[in-house]
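Dear colleague,

Please find below the structure I am handing over to you. I would be grateful if you read the notes that follow alongside it.

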Amino acid sequence: MPARTITADAAGIWKLGDLTVNRIGLGAMRLTGSAAFDLGTPSDRDRSLTVLRRALELGVNHIDTAAFYFSSLRSANELINRALAPYPDDLVIVTKVGPSRDASGEWLPWPAPEGLRGQVEENLRQLGRDHLDVVNLRMNAPGPVAEHFGALADLRDAGLIRHLGLSNVTAEHLAEAQAIAPVVCVQNRYGLDARRPGADGLLRLCGEQGIAFVPFFAIAGDGREAGATGAEDARVRAIADAHDVSPAQVRLAWTLQQGPHVLAIPGTGNPDHLTANVAAGALRLTEEELALLDGPVVEV
């Protein structure tokens, strides 16, 4: 008999405000090329469209994107629109604003609060929607968030945004934003061996408050935008071998087991990797394996 196809509901569900999503989703950044932005070669358009359509077939109903996710030939938002519109009622598209790039790909200066409306409208135009499900304010500096988050709260009140989130922030940022409007998710860099100081505390804080914690670079780790380095320590390899899975699947399973409020958004432009990433939602690591992974790094 053929092997059963594992779908995204195997990872369980969580709510972003009133929007229910499966805990394993898809990051759209790598749909545009072999590496983020203009670091790699542009993707094959048909292959990227196939990945998006296959994601929905596998039960993925949470896609993370941004208007600044583009390479010299591909735009993540345009690919999403082309592949998936008209959108299913249960599909949640999360985007982010703050950073922006000009047409040549160069990063632009950090916008004034009033500049965020144009970024929101650009996401609406590219995605072909009349409102955005969730918008994360992506910080790139340690300063306060109040003015920029307040501008997004005004756009939420105007009906352009349904829910608000934060990205690349601290616990202090979260408290500052919550004094203005509800926060449904926090999207920060977080992985097995790629955690910043205070990351575990912020993850726990989000759980206590019912806020989704959404790690990025859960697989790439220190490879960041360039992707996984290919190096792997002996703990991860041993557990992967024991379960007959890949090291990337072990990393995703570890991520999801950090709490029921933790979501995963692994990015890929490869249909086979997509299937493997979704299947990781069904992998359950034992307490002994989790303890081993949280112990000292073992060299290859």
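Predicted model: local features only at pLDDT ≥ 70, side-chain atom pairs only at ≥ 80, totals over all residues.

Helix H3 (116-127) and strand S5 (92-97) each contribute at least two lining residues; the largest share, five residues, is that of H3. Sorted by class, the lining consists of five nonpolar, five polar and five charged residues.

Strands S1 (residues 13-16) and S2 (residues 19-22) run antiparallel and are joined by four bridges. Within this pairing, Lys15 is placed opposite Thr20 in S2. Two residues separate the strands of the hairpin, where Gly17 adopts a positive phi near 65 degrees.

As to the backbone, most residues other than glycine have a negative phi, and most peptide bonds are trans. The bond between Ala85 and Pro86 is cis, with omega about -5 degrees; Pro86 belongs to the loop between helix H2 (76-84) and S5.

Asn168, not a glycine, has a positive phi of about 60 degrees, and is located in the loop between strand S7 (161-167) and helix H5 (171-178). Asn168 counts as buried because its relative accessibility is 18%, under the 20% cut-off. Asp244, also not a glycine, has a positive phi of about 60 degrees and sits in the loop between helix H7 (234-243) and helix H8 (247-256). With a relative accessible area of 71%, Asp244 is exposed.

Yours sincerely

Key: Residues numbered from 1 in each chain as written. Heavy atoms only, no water. Nonpolar A, V, L, I, M, F, W, Y, C, P; charged D, E, K, R; others polar. Pairing = 2+ DSSP bridges. Buried < 20%, exposed > 50% of the residue type's maximum accessible area, 1.4 Å probe, protein only.
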